[in-house]
Amino acid sequence: IYVENSPQSYIERLNPVDYGHYHDRYQELITTELKTFAPKDRKMIAVELGSSYGNTTLTYKCGYKWEAACKAWLDESEPLTQAFDVHVNAVDLSPEALDYGKKRGIFDETFQHDFSKPYSFEIAAKLQEADFVTSIMTTFYIPTERWMEGCYKFLSDRTKPKLLVYNVMQSFDQRNLTPELLFAGIPNWTAKSSFNKHRNFTPTEQDSHNGSKEAWTTTYLVTFHAQEPYKAH
């Protein structure tokens with residue numbers, strides 16, 4: 001579903017498993033957070049790691065819940081609205097998804113990247129420049145060393161506040177990626193979390209998860225307050 005030239009198959013695959021439930025919860029979380037965090041005097045710079053066709057982007061850039069996001073995908077003649085003034089740098093493995101998002105006006109800049117490999121100079125520079133980094137339903141695909149590499153690039157300039165929002169799908173990813181562990185040696189940050197339904201399991205997934213019918217996920221919202229740049233060991 002990530003190699004098509006449009007998100008049509010993506011929608012058809014995810015609607016039956018109630019994927020929109022989490023999308024709507026994330027939209028509520030990020031909209032509340034950005035009302036306080038987003039710069040008022042300039043465009044906010046965002047980097048999205050694992051952007052796919054832009055479903056997460058549509059929550060914070062346009063304020064769209066799932067139904068509105070699907071409508072925007074399926075009716076490309078409809079202009080996108082803007083909830084926040086943001087420049088989106090989209091990073092993903094799928095060139096088809098990136099091309100679609102750029103053509104539709106969801107992404108501003110796109111970077112094709114295999115997360116098993118180190119970040120390019122261009123992506124590293126975007127991470128350092130960013131105000132806001134988010135990675136939703138994608139940390140499962142990012143090795144821990146790559147995840148921390150991206151975080152350290154993001155935090156290499158602490159002269160302005162920075163916001164990191166990511167989630168961990170415990171049904172599929174057993175790593176401890178809590179901010180209290182990952183950022184234990186980094187000063188001056190605060191975190192919030194929210195535990196929400198991710199989606200319904202398919203019948204096959206239910207069999208392999210002891211009959212559980214739903215997957216749940218923890219979302220972390222981490223604010224790094226402005227200070228002198230953090231120097232990683």
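Phe 140, Tyr 141, Phe 172 and Phe 201 form one aromatic cluster in the predicted model, where rings of Phe, Tyr and Trp (its six-membered ring) pair if their centres lie within 6.5 Å. Residues are numbered from 1 along each chain as its sequence is written, and side-chain values use heavy atoms, with hydrogens and water left out. As the model is predicted, local features need pLDDT of at least 70 and side-chain atom pairs count only at pLDDT 80 or more, whereas totals for chains, interfaces and linings use all residues.

Across the whole structure, 15 aromatic pairs are found. The ring centres of Trp 147 and Tyr 166 lie 5.1 Å apart with their planes at 55°, so this pair is tilted (planes under 30 degrees apart count as stacked, over 60 as edge-to-face and the rest as tilted).

Strand β4 (residues 132–135), helix α7 (residues 144–154) and β5 (residues 162–168) make a right-handed β-α-β unit; helices (H or I, at least four residues) and strands (E, at least two) are DSSP runs, numbered from the N terminus. A crossover is right-handed if, with the strands pointing away from the viewer, the path from the first strand over the helix to the second runs clockwise.

Strands pair if DSSP finds at least two bridges between them. Four bridges join β4 to β5 in parallel, and Ser 135 stands opposite Tyr 166. Strand β1 (residues 44–49) is joined to β4, also in parallel, by three bridges, with Ala 46 partnered by Phe 132. Side chains in a regular strand alternate between the two faces of the sheet. In β4 both faces are covered, with Phe 132 and Thr 134 buried on one side and Val 133 and Ser 135 buried on the other.

Note on methods
Buried < 20%, exposed > 50% of the residue type's maximum accessible area, 1.4 Å probe, protein only.
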